[in-house]
Amino acid sequence: MITTWQLILSAAVLAYLVTAAVLALVQIRRQANWRGPVMRVMVGHALAGNIVVLMWRAWQAGADQAFRHSFDSILLFATLLAGLAALSPVFGRLGALHVLLLPVAAAVQASAFLTIGEQAVRFSYKPWFITHMASMILGATCFVAGGVAGMAYLWVNQRLRNKQSQRVLGAMPPLESLEVFGRRTVAIGFGLLTFGILTGICGIAHNAEQWRLFARDPLVIFTGVMWVLYAAALLGLRLKPDLRGRRAAWLAVWSLVLLLLVFVLADVFSPTH
Amino acid sequence: MAEHEQQQALHNLRSAHPDCEGVILSTCNRVELYVACPKQTEPDADQLLRLLAGWRDVDPAELSGHTYQHADVHAIRHCFRVVSSLDSMVLGESQILWQARQAIETADRTHALGTTLREVFDRAFTVARRVRNETQIAAGRASIGSLAVDFARQIFAQLAERTVLMIGAGKMGRTTVRHLTSQGAADVMVTNRTSARAEQMAAQLQATAVPYEQLDDHLVAADIVITCTGADEPIIRPAQIAQVLRRRSYRPMLMVDIAVPRDVDQAVGEFDQVYLYNIDDLQGIVDATLAERQQEIAACNAIIEEELLAFLQRQQSRDAGPVLTLLRERLDQIAEQELQWALPKLTNDVEKNRQVIRHFKHRLVQKVLHFPRTYLSERAQDGSSAIHAEVLRQLFDLTEEE
């Protein structure tokens, strides 16, 4: 059961993330220095708020039943994205990526509120589930970060091709950094997705009934198809160097779109997730 | 004017007018002489013009058609405008700040800098900072070279690891390469149809001269290509670049074509990995930036006027300080004299003491009023007593009761 105070705290975090996203955007357009520190403080508060809610929820549910509600998983996902945005200045010229990561983190945080009415599930296969869920959430974070880098690449590339003024672009990371970041995050995301699929299979392998049920789940089928597509794309990127640049950026963006589809499938069509 | 010439000129100024402070601001399109003197020894405009002309043995009459003069508040306003780069050839450029600082340092070293000009220039630097921070006067890039650097920095993560290839020997190409090297690009190759010219350029740019016949190989190695040849037809064509890109594993390339007519076929820009900019593209952005900066002039002028007013108010209130001290001393002196007159006259008789104190008050007021009364009588002779009487009225808040 999600308490009112947990909801209020999560809503406050959402407000902080939205404000920080707006400030980041204004800062990058107007190059005003004061907004940077204010924005960082807001992201810091948002992170702290979400961590408090997550720890509270884990303590409330008990150590063996933590993260059994979608609300918790989505909050963890938003926290990872906000954390990545907060850390982006550490990566030198990738600093401005937070401008795109913060709105996504805010959107993910907002989507957590759609799951309030859902029932929490009880697990009989806890150890596999934890690794399965952790891999999937971390993988999703990588795919989102890669997708965001891909979108940034396409935007910067478009402005460069249109020979537009560099005033706004000056704050954005260079194409080369965006490409490398996008390629690496998608590759790491793919590794985590693979691990997540394998741990998911291990979790249900002992139960023939569940195995049959999961095998017919559109989410599972779609995830399998997605894995094959990613594998082919990553192999293509490795073997065909002319795919780098804009096409690699599109791959990262499509990864993000596929991820969103998985979210929708999980929430609407999947009988098991 | 070189620094030693400025020092000599300031020395000459101080020799002719020992009470004057002086600063010479010399840039590529101006030589300005700022002078601050006490009113009594102030040189007139002709004297300063002769001084300027004397530095280069020019006829003052000939020079006078090319000079401008500002005095008092107008001179301070002009200084603020110049240091804020509103009077520069390239509006909003930042070099003027450095040049003004150099001018101040030179004047200081020559002992020609005094309190007045130091304060004016210190304030001018503050004004310039405000103008740059609060308006968009310095936003964007206003030169082809700096714009090329911006594009390079937007494409490549590290300029230091990039190879620059300059094809041709044009002046603008040279300037662009210098911008790139100032931002960290260390590996520069220069090629030209005439190898001697390439070697000459390479020596100037601390680069490596490479043979023109192996252009394709150099293109494979180069990440940034600057072309500025006098060729009548493009020297870089799409088929050639397709091969080059394959050989360099499709790593991105920035091509800046400064030549007219073009050195790079426009179709080359259609490759995903090639970012091609020609002189018209770059000039278009520079022109747009300058047009945007023009729109900021009103906002800059408002800041300058605001700062000028604040500066003048501070100056005037500070100028009044010593006068008030003198006034207090004078009144103390009068009061002390009258006290010395009154004190011996005090006795045990209270009524007599009252009379002494009344007399003391009357004498004190008469003596204090003596100076303004005499002054106003003198001013009455030249017909300006009314204005001074008005000042007196305002000083002591003398409103007539109805």
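Visitor: How many bridges join strand β7 of chain B to β8(B)?

Guide: 5 bridges join β7(B), residues 253-257, to β8(B), and the two run parallel. Two strands pair if DSSP finds at least two bridges between them. Strands here are DSSP runs of E of at least two residues, and helices are runs of H or I of at least four, both numbered from the N terminus. Asp257(B) stands opposite Asn278(B) in β8(B). This is a predicted model, in which local features need pLDDT of at least 70 and side-chain atom pairs count only at pLDDT 80 or more, while totals for chains, interfaces and linings use all residues. Residues are numbered from 1 along each chain as its sequence is written, and chains are lettered from A and ligands numbered from 1 in the order in which they are written.

Visitor: In what order do the strands of the sheet in chain B stand?

Guide: The order is β5-β4-β3-β6-β7-β8, 6 strands in an open sheet with parallel pairing. β5 (208-209) and β8 of chain B are the edge strands, each pairing on one side only.

Visitor: Which strands does α7(B) lie across?

Guide: α7(B) lies across β6 (224-228), β7 and β8 of chain B, at about 165° to β7(B). Such angles run from 0 to 180 degrees between N-to-C directions, with axes fitted to C-alpha atoms, for helices over the stretch in contact. Contact means that the C-beta atoms of two residues, placed from the backbone, lie within 7 Å.

Visitor: How do I read the sides of a helix, and which residues of α12(B) are buried?

Guide: An α-helix has 3.6 residues a turn, so residues three or four places apart point the same way. In α12(B), Leu282(B), Ile285(B), Thr289(B) and Arg293(B) are buried (20 or more other C-beta atoms within 10 Å of the residue's own; exposed is 12 or fewer, partly exposed in between; C-beta atoms are placed from the backbone). Down the axis of α12(B), the buried residues fall within an arc of 80°, so they line one face of the helix. The arc is that of the directions from the helix axis to the C-beta atoms. Asp280(B), Asp287(B), Ala291(B) and Gln294(B), on the other side, are exposed. The cover over the buried residues includes α7 (144-155) and β8 (274-278) of chain B.

Visitor: How many residues of chain A are in contact with chain B?

Guide: 18 residues of chain A are in contact with 21 residues of chain B. α6(A) gives the largest share of the side of chain A that touches chain B, 3 residues.
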